[in-house]
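Colleague: Please show me the model, and then I will ask about the two chains and the contact between them.

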Amino acid sequence: MTGEQAEARPGMSRRRMLGFSGASLLVGAAAGAGLDRVASADEDGAAGAAIAFRGAHQAGIATPVQDRLHFAAFDVTTDDRDRLVRMLKEWTDAAAAMTAGRPVGNGAAAGSPVAPPDDTGEAVGLPPSRLTLTIGFGPSLFEKDGEDRFGLRARRPAALVDLPHFPGDDLDPDRGGGDIAVQACADDPQVAVHAIRNLARIGFGVVAVRWSQLGFGKTSSTTPDAQTPRNLFGFKDGTDNLGESDKALLDEHVWAGKGDGWMAGGSYLVARRIRMHIETWDRTSLREQEDIFGRGKGEGAPVGREKERDKPVLARMKPDAHVRLAHPDSNHGARILRRGYSFTDGSDGLGRLEAGLFFIAFQSDPRKGFIPVQQSLATDALNEYIQHVGSGIYACPPGVREGGHWGDGLFA
Amino acid sequence: MRPVSVLALAGAAAVSMSLLAACGGDGEADAAGGIAVTATDDSCEVAKTELTAGKTTFKVSNKGSKVNEFEVLKPDGKILAERENIGPGTSVDFVVNLPAGQYKVLCSAGQTGKGPSQNVTVSGKAAGGDQRLAQATADYKTYVIGKLDDTIGKTRKFVDAVKADDVAKAKELYAPSRVGWETIEPVAEKFGDIDPKVDAREADLKPEEKKDWSGWHLLEKALWEDGSVKGKEKYGDRLLKDLETLKSRLPGLTLDPVNDMAGGAKELLDEVATGKVTGEEEAFSHTDLVDFKANVDGAKKIYDLLKPVVQERDAQLAKDLDDNFAGVESLLKKHEKGDGYVSYDKVGKGDRKDLADAVNALGEPLSKLAEVVAK
């Protein structure tokens, strides 16, 4: 993501952003410096900064993981291809504005007094908060019930497969799928929610929200020397994640290759809503918990090692340990970039936390990434405490170029 | 209707009968961007007292400690226009179309309708405006009166059945009696004292208001919940009387194309989105889809009357509205049954989601209608 220019125009931003000129530097120079720590130390600087919207790749994939998520999946409700493209252009303008910390259209308090304001207003005065908006197209946009949609069937990428049934799946159709998905990540939840709300509003009549998910805590880091955040089981999971600085690995495992047509430079997103059985997990002994993951709970070191980032020795772990089964060495080198978030949607009516992991993974080809890894996890000891209840797969196109818009390659 | 506090409204004086006096008056824009009005708890300062006829924006700032109300009064003391609920420390832009004449502007701290005032003189002639809008407004008023007559006629038959304690017949006549009302609901709601008497829902009442509950929904509950309307005859008579009172006031009503028509169309869709799609309006009879259709018809009528102007000023908006009205109407057709609609409790989650999506799809472009009409 080098060489990008930040979109924000400080004079028009939601508020004066101190240290704003550092934004493009931070984005361009990547994450080696550990943005997480910078962020907490200097709120007006890194945490409030804007992430460039345009570039070779979409932001929100290799970008250092923000604190909050609002993920929304939409169904397209029109048959009119031109209307859909018009909306995608309107979305692009709105996304460019919001990620730069500017309001949608003419703002929240300008415009005609007899018209509703263009922007809904709840992010007025908030910094850009490293907001990223990442779009993806689901299989049902290309074809549905065996019918071609919008003339796109022939443009469906081979890698955008329908995910197979995995053992233990109990998928709720109302919490999965969708023709278009937008991942909004920001360090401030209000900024992420504002972004999805305004896109949904612009989309009325063209798309309708099918489902959406809030995530309150990141569970992975794409900055290699930052601490891996803990999931709701209290464990560090996904330590050996792909990071923004791993250019060669990203090209190999995350970005779709030149042979992938309009998707070249894009990535495939797999989302899974994984319910965690919190209460039974909390009654499980420390030894069993550690055996299940294959890591210590304190430091997070792999079994028999001392530090979180020490190389795991898989043979020392139980055969059904989570880390062992998910590790690239057990999956012919398959690697994915994880970007999941913890969620808690209150309680489930039976007094249990309606909580879990909203798993998000990016890869250059799910047939070589998520699918084989998830199949390996069929015998995962962790399965006793988790259940996959929602699922989606989306083709995220490459980044928007100057003058371009979301979906321009697909609808060309 | 779903007001926050229903019967509290009944105590308020009859609400202003005209918001904008002229029809589509397109007067000169104020060069200074508006007339500043500074209200405190005991003063009302207007920056300019010699005004030019036409569309005028008052920029009202409440520098006092109480919630304020801004009124423009005609020489006879009647309200030409008013803006309520201006909170302490806030300011609002309030657009009024002023014909030439003498007016009094009044700030009422505490919203009692009384307070300090100042005289203003409006001279010149408001630009003629778009004759098509004047015609649309006149046609709309005719439509409103016709729909109220329709509701009164059908309510009379409904009340006859109630008084005869013919539960089956009354149930059959209940939903049709409400159709006319539902098509013109935003206009009917301008009469803040009548609306809660005829259309209050039990769930919206405060505990102390329950003893004064009356109107359609009281009879609805008796019919569907109790299965008897014995002793409820007086509520039938009162419903008819309240509707007749409304009718007697309609001739004096001045409607304007921006707030009452375009704004009313948007409010009708809001009614559908918050009350009908959820099944809250007709909690006992489940005849929500009848109201739903009436609300949409009322909005469609307004749009049809305004359409020549909309088409010319914003063809894309006209197309979006055409498409989305058609979308809602074709979806509603799926649920037709006999002369009416299926009971809403039989409409499943998936179908309700489709209806909600279609209402959102129509409501969004409809919210942009007022701006185009006001141009």
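What follows is a set of questions and answers on this predicted model.

Modeller: Residues are numbered from 1 along each chain as its sequence is written, and chains are lettered from A and ligands numbered from 1 in the order in which they are written. The model is predicted, with local features requiring pLDDT of at least 70 and side-chain atom pairs counted only at pLDDT 80 or more, while totals for chains, interfaces and linings use all residues.

Colleague: How many helices and strands does the secondary structure of chain A come to?

Modeller: Helices (H or I, at least four residues) and strands (E, at least two) are DSSP runs, numbered from the N terminus. On that basis chain A comes to 11 helices and 12 strands.

Colleague: What share of the 412 residues in chain A is buried?

Modeller: A residue is buried if 20 or more other C-beta atoms lie within 10 Å of its own, exposed if 12 or fewer, and partly exposed in between, with C-beta atoms placed from the backbone. For chain A the buried share is 50%.

Colleague: Which residues of chain A does UniProt give to the C-terminal Dyp-type peroxidase domain?

Modeller: UniProt positions are in the numbering used here, feature names are shortened, and annotations may be inferred rather than shown by experiment. An unreviewed UniProt entry places "domain: Dyp-type peroxidase N-terminal" at residues 58–216 of chain A, a span with 24% helix and 22% strand. In the unreviewed entry, "domain: Dyp-type peroxidase C-terminal" covers residues 228–400.

Colleague: Which elements of chain A do the buried residues of α4(A) pack against?

Modeller: Helix α4 of chain A (residues 81–99) has 19 residues and reaches 27 Å from its first C-alpha to its last, close to the 27 Å expected at 1.5 Å a residue (the expected span is 1.5 Å times one less than the number of residues). Its buried residues include A:L84, A:M87, A:L88 and A:W91. Contact is defined by C-beta atoms, placed from the backbone, within 7 Å. The buried residues of α4(A) pack against β1 (68–76), β2 (132–137), α6 (189–203) and β6 (207–215).

Colleague: In what sense do β1(A) and β6(A) pair?

Modeller: Two strands pair if DSSP finds at least two bridges between them. In β6(A), seven of the nine residues are buried, and A:L214 of this strand stands opposite A:H70. Over eight bridges, the sense of the β1(A) and β6(A) pairing is antiparallel.

Colleague: How far apart do the C-alpha centres of domain 1 and domain 2 of chain B lie?

Modeller: The bounds come from an automatic or database domain assignment, which gives domain 1 (27–123) and domain 2 (131–374). The C-alpha centres of the two domains of chain B are separated by 33 Å.

Colleague: Which elements of chain B do the buried residues of α6(B) pack against?

Modeller: Helix α6 of chain B covers residues 216–226, and its buried residues include B:W216, B:H217 and B:L218. Just after α6(B), B:G227 takes a positive phi of about 70°. The buried residues of α6(B) pack against α2 (131–163), α3 (167–183), α5 (195–199) and α7 (233–249).

Colleague: Is B:L98 buried or exposed?

Modeller: B:L98 lies in strand β7 of chain B. Leaving aside neighbours within four places in sequence, B:L98 is in contact with B:L51, B:A53, B:G54, B:T56 and B:V122. Because 26 other C-beta atoms lie within 10 Å, B:L98 counts as buried.

Colleague: Which element gives the most to the side of chain B that touches chain A?

Modeller: In the contact between the chains, 15 residues of chain B meet 10 residues of chain A. On the chain B side, β7 (91–98), α10 (315–333), α11 (349–366) and α12 (369–374) each supply at least two residues. The element giving the most, with five residues, is α11(B).

Note on methods: Contact = placed C-beta atoms within 7 Å.
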